[in-house]
Amino acid sequence: MHAEDPAGSFLLVLHGHMPWVLHHGRWPHGETWLHEAVLGVYLPLLGVVDRLQADGIDARLTLGLTPVLLEQLAHPTLHRGFAAYLDDRLSRAHHDQADPALRDRARWWEAQLSDLRERWRAVDGQLAAAFSAHARAGRMELLSSFAAHGYAPLIKHDQCVRAQLEAGLRVSERHLGFRPGGIWLPECAFQPHGPWTVPVLGGEQRHTAGTDRILEEHGVSHFFVDAHMYAGARSEGLLRGDHFEKVGWDRAEAHPEEGWRDVLDPHRVGTHGGPSRLVAFARHPDVSEQVWSADIGYPGDGRYLEFHKRKDGDGLRYWRVTDRTADLGDKADFVPQAAADAARAHAGHFAATVRARLQAFAASGAPGGRRDGCLTATFDAELFGHWWAEGPQFIEPALRELHADPTVRVQTPAERLTTHPPDKVAWLPEGSWGEGGDHRVWLNERTRWTWEAQLRAEDRFMGLRWRVAQGKNTRRAAAVLREAARELLLLQASDWQFVIHSGGAVDYGFRRYAVHLDHFDALCGIVDDLLAGRRGLDAVQKATRALASATDDCFGDVALTDWGG
């Protein structure tokens, strides 16, 4: 390897997501979540890409914008609400300057917020269009996802998984102007092809096509998994151009030099025993942990802005982490310059860590040869700017340093597939990136009832869909069933079980699940009546239908054919 040759590729992938919160509460749970994300995450990230572009650097950042997030970013309710939210933040910053103890920090906040307001106005609030322009110019890659972030391995019917994907891809295309080839699977949750036991309601035995087959059917080229999924991978075959060579399951153990199960060597995924064009990029555990870990991660540095302490309950934050274990009352004053210095130092350390991992992998090849690694660092986008206020200040210098390093090739996943097509086809096990690597975060004793209700809802919907398709004069019934389909998609969101399990917003998770289930049941009842020949709706049915349409006005182009022809 010559000194000037890249040792490998670096991929920075952020997963941007927000469940449907418009019209479903404000503070502490609801629309404020979305306002905080726009202010703290998406506007600053757009600023990072803009500034890099101004300096002649293509960021090569990869950002997932889930379809349900895109629907909200484009919604008039968000635009009105965010403008008021930003005005409120600025008003607080101005008001707090009257306090001598807060004056300097409040002025800093006012300057930061004013800059973000100018960026919001510069794109006329059209964040998706601004990111799309960068993506179409080749400066970054945008990913799609399932429509409402449905948790695929626990969805009963493959048709419902397909509907989440097809509806999601269509929403992404509508907002971005193109259909992304890459996807972020909700919770990185994957299920292989084959027999499957439904985990609730008596354990019915079913056969699933597998997440990989469904993704391939819809033209998806790549997705992302946690490292433990590679550790459980099984060798299936080698792809040489268009030729697929079947190999034994012991190939991974017999030929470790080929890179089987190595997170630095992306694998194609095929759980049906044949060839595959679908690629899974695995998260690098050590490098990713350096950022997000509560124990060793950068955000725990005492100089950074403390997330949990605010003035007046929901006001601005004026204190620093100080000591991660300290009580909120013991937090010291925030010093913006010290935090900025810390972000630059941590960016340099991160870039050096990436370089060292890629160089070590390159040197691990056969004597006289080299291996070209691909280091993938994946994170929830909200870590950068929301949970860790200085996150965007970290990303920008990190990307600048890595772009300037001749030993590192900063790429998007799509670019990596073009320059270095993977040759190994592997079987992946069932799992997620949650605690334990399995489904326990989403399916447990506190959430089991939600899955029992959801799977019954799936059965009911599939039955009504068949009746509508087989009947005559069912146009009105089909229109109402499309509204029920929207509620089913929202009901399937993994977010409700997550907030119940995590304890962060238990009441909100219960309420949101119950609301979507109630809307779904009521709309299905209307469909039943229409199919039975009833012509008019009673007052309650009309009111329920109107409420569901007003509060959940998303996925307007959902089609019953998304669940099959």
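In what order do the six strands of the open sheet lie? The order is β6-β10-β9-β13-β7-β8, and the pairing is mixed. The model is predicted.

- Strands of a sheet pair through backbone hydrogen bonds, either parallel or antiparallel.
- The edge strands are β6, residues 222–225, and β8, residues 243–246, and each of them pairs on one side only.
- On average, neighbouring strands of this sheet are turned by 40° against each other, with direction ignored.
- β6 and β10 run parallel and are joined by four bridges.
- Val-225 has Ala-282 of β10 standing opposite.
- β9 and β10 run antiparallel, with two bridges between them.
- His-267 has Ala-280 in β10 as its bridge partner.
- β9, which spans residues 267–269, pairs in the parallel sense with β13, residues 424–427, over two bridges.
- Arg-268 is the bridge partner of Val-425 in β13.

**Strand β10 and its two faces**

- In a regular strand the side chains alternate between the two faces of the sheet.
- Strand β10 covers residues 279–282, and both of its faces are covered.
- Val-279 and Phe-281 lie on one side, Ala-280 and Ala-282 lie on the other, and all four are buried.

**Helices α1 and α3**

- Two packed helices are described by the angle between their axes and the distance between the axes.
- Helix α1, residues 31–54, packs against α3 at an angle of about 75°, and the axes are 10 Å apart.
- The two helices α1 and α3 are therefore roughly perpendicular to each other, as angles of 65 to 115 degrees count as such.
- From α1, the residues in the contact are Glu-31, Thr-32, Leu-34, His-35, Glu-36, Val-38, Leu-39 and Leu-43.
- From α3, they are Thr-77, Leu-78, Gly-81, Phe-82, Tyr-85, Leu-86 and Arg-89.
- By type, the residues of this contact divide into eight nonpolar, four polar and three charged.

**Asp-96**

- Asp-96 belongs to helix α3, which spans residues 76–96.
- Asp-96 counts as buried because its relative accessible area is 6%, and buried means under 20%.
- The side chain of Asp-96 makes a polar contact, at 3.4 Å, with the side chain of Lys-311.
- Leaving aside residues up to four places away in sequence, Asp-96 touches Leu-102, Arg-103, Ala-106, Lys-311, Leu-316 and Tyr-318.

Notes:
Residues are numbered from 1 along each chain as its sequence is written. This is a predicted model: local features need pLDDT of at least 70, side-chain atom pairs count only at pLDDT 80 or more; totals for chains, interfaces and linings use all residues. Side-chain values use heavy atoms; hydrogens and water are left out. Buried means under 20% relative accessible area, exposed over 50%, partly exposed in between (1.4 Å probe, protein chains only). A polar contact is a pair of N or O atoms within 3.5 Å; within protein, one must be able to donate a hydrogen and the other to accept it, and residues adjacent in sequence count only if both atoms are side-chain atoms. Contact means heavy atoms within 4.5 Å. Two strands pair if DSSP finds at least two bridges between them. Axes are lines fitted to C-alpha atoms, for helices over the stretch in contact, and angles run from 0 to 180 degrees between N-to-C directions. Angles under 35 degrees count as roughly parallel, over 145 as roughly antiparallel, 65 to 115 as roughly perpendicular and the rest as oblique. Ala, Val, Leu, Ile, Met, Phe, Trp, Tyr, Cys and Pro count as nonpolar, Asp, Glu, Lys and Arg as charged, and the others, Gly among them, as polar.
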